[in-house]
Amino acid sequence: MKDNQPIYLPPPRPRGKISLEEALARRRSIRDFTPRPLSLSHLSQMLWATQGISEPLRQFRTAPSAGATYPLDVFVVCGQNGVENISEGVYQYNPEEHTLSRHLAGDLRRELARAALNEAFIYRAPLNIVLCVEYQRTTWRYGSRGERYVHIEVGHVGQNIYLQAVALGLNTVAVGAFRDEEVSRVLYLDKDCQPLYIMPVGWSG
Ligand SMILES: Cc1cc2nc3c(=O)[nH]c(=O)nc-3n(C[C@H](O)[C@H](O)[C@H](O)COP(=O)(O)O)c2cc1C
């Protein structure tokens, strides 16, 4: 596969094994991960819950967004053998196509962990979902109030990730403690793109 070719993710499944109530009751921040890789279907489901299209006609997504301005960009920092059939690297999720495109090559989990106050669980997890924002997409419409909206929105997305992880038997934790500039540098983010949340995802031992 060429680097610039999109990776087509399997379609998300419309049904899970546990109820929403069970997922809510079981949701916990878990920081314990084994190296067991995720399947591409698991990653697909996690990304659909993160920012996937749930209403194709209007291109609305699984999480609400102020004015449907959708300011968030989703990156996956995938470790070596983190996901079956995907090489280590940083990928960007494209919600419209439900695809991944390669942003960077190499296993950058250690660098990411270093930027996040050396939290070992970040490099132990097979992958980390990094939620980033381009504020302008929301603030052009709502002015400085848009910054508040973006921060609320990322919380909605974080909860989607938690609940989908529970439903798949996976673990995650929302991480807000990191040095923004260092994460931006490690991930080669555009200057208008700021990291807001890191969410390691994987199985526990
Ligand atoms: C905005 C926010 C930032 C957080 N940042 C971190 C973090 O940097 N590191 C961490 O280990 N947990 C972090 N957490 C997870 C909390 O520690 C966790 O939600 C809390 O201990 C309650 O546990 P529970 O999620 O299992 O209910 C964060 C949670 C939120 C909502």
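Guide: Contact, or touching, means heavy atoms within 4.5 Å of each other. This is a predicted model, where local features need pLDDT of at least 70 and side-chain atom pairs count only at pLDDT 80 or more, while totals for chains, interfaces and linings use all residues. Residues are numbered from 1 along each chain as its sequence is written, and side-chain values use heavy atoms, with hydrogens and water left out.

Visitor: Okay, let's start with Gln-45. What does Gln-45 touch?

Guide: Leaving out residues up to four places away in sequence, Gln-45 touches Pro-12, Arg-13, Gln-164 and Leu-168. Gln-45 sits in helix α2. Helices here are DSSP runs of H or I with at least four residues, strands are runs of E with at least two, and both are numbered from the N terminus.

Visitor: And is Gln-45 buried or exposed?

Guide: Gln-45 has a relative accessible area of 6%, so it counts as buried. The cut-offs are under 20% relative accessible area for buried, over 50% for exposed, and partly exposed in between, with a 1.4 Å probe and protein chains only.

Visitor: What about Ser-44, where does it lie?

Guide: Ser-44 lies in helix α2 too, which covers residues 40-51. At a relative accessible area of 1%, Ser-44 is buried. A polar atom of the Ser-44 side chain is 2.5 Å from the backbone oxygen of Pro-10. That's a polar contact: a pair of N or O atoms within 3.5 Å, where within protein one must be able to donate a hydrogen and the other to accept it, and residues adjacent in sequence count only if both atoms are side-chain atoms.

Visitor: Which residues does Ser-44 touch?

Guide: Not counting residues up to four places away in sequence, those are Leu-9, Pro-10, Pro-11, Pro-12 and His-98.

Visitor: New topic: the ligand. Which residues are around the ligand?

Guide: Around the ligand you'll find Arg-27, Arg-28, Ser-29, Arg-31, Phe-121, Val-173, Ala-174, Val-175, Gly-176, Ala-177 and Tyr-197. To be on that list, a residue needs one of its heavy atoms within 4 Å of the molecule.

Visitor: How many of that shell are nonpolar, polar and charged?

Guide: Six nonpolar, two polar and three charged.

Visitor: How far is a nitrogen atom of the ligand from a polar backbone atom of Ala-174?

Guide: That distance is 2.9 Å. A ligand nitrogen is also 3.0 Å from a polar backbone atom of Gly-176, and a ligand oxygen is 3.0 Å from a polar backbone atom of Ala-177. On its own the ligand exposes 620 Å², and the protein buries 54% of that. Those areas come from the Shrake-Rupley method with a 1.4 Å probe; for residues, only the protein chains shown count as cover.

Visitor: Now the core. Which residues of the largest nonpolar core touch the most other members?

Guide: Of its 57 residues, they are Leu-43, Leu-47, Ile-86, Leu-100, Ile-129 and Ile-198. Helix α6, residues 145-168, gives this core its largest share, seven residues. A nonpolar core is a set of buried Ala, Val, Leu, Ile, Met, Phe, Trp, Tyr and Cys residues joined through side-chain atoms within 4.5 Å.

Visitor: What does Ile-198 touch?

Guide: Among its contacts beyond four places in sequence are Leu-112, Ile-129, Val-173, Val-175 and Phe-178.

Visitor: And Pro-200, what strand is it in?

Guide: Pro-200 is in β9, residues 194-202. At 0% relative accessibility, Pro-200 is buried. Its contacts beyond four places in sequence include Phe-33, Phe-121, Asn-128 and Val-173.

Definitions and conventions. Nonpolar A, V, L, I, M, F, W, Y, C, P; charged D, E, K, R; others polar.
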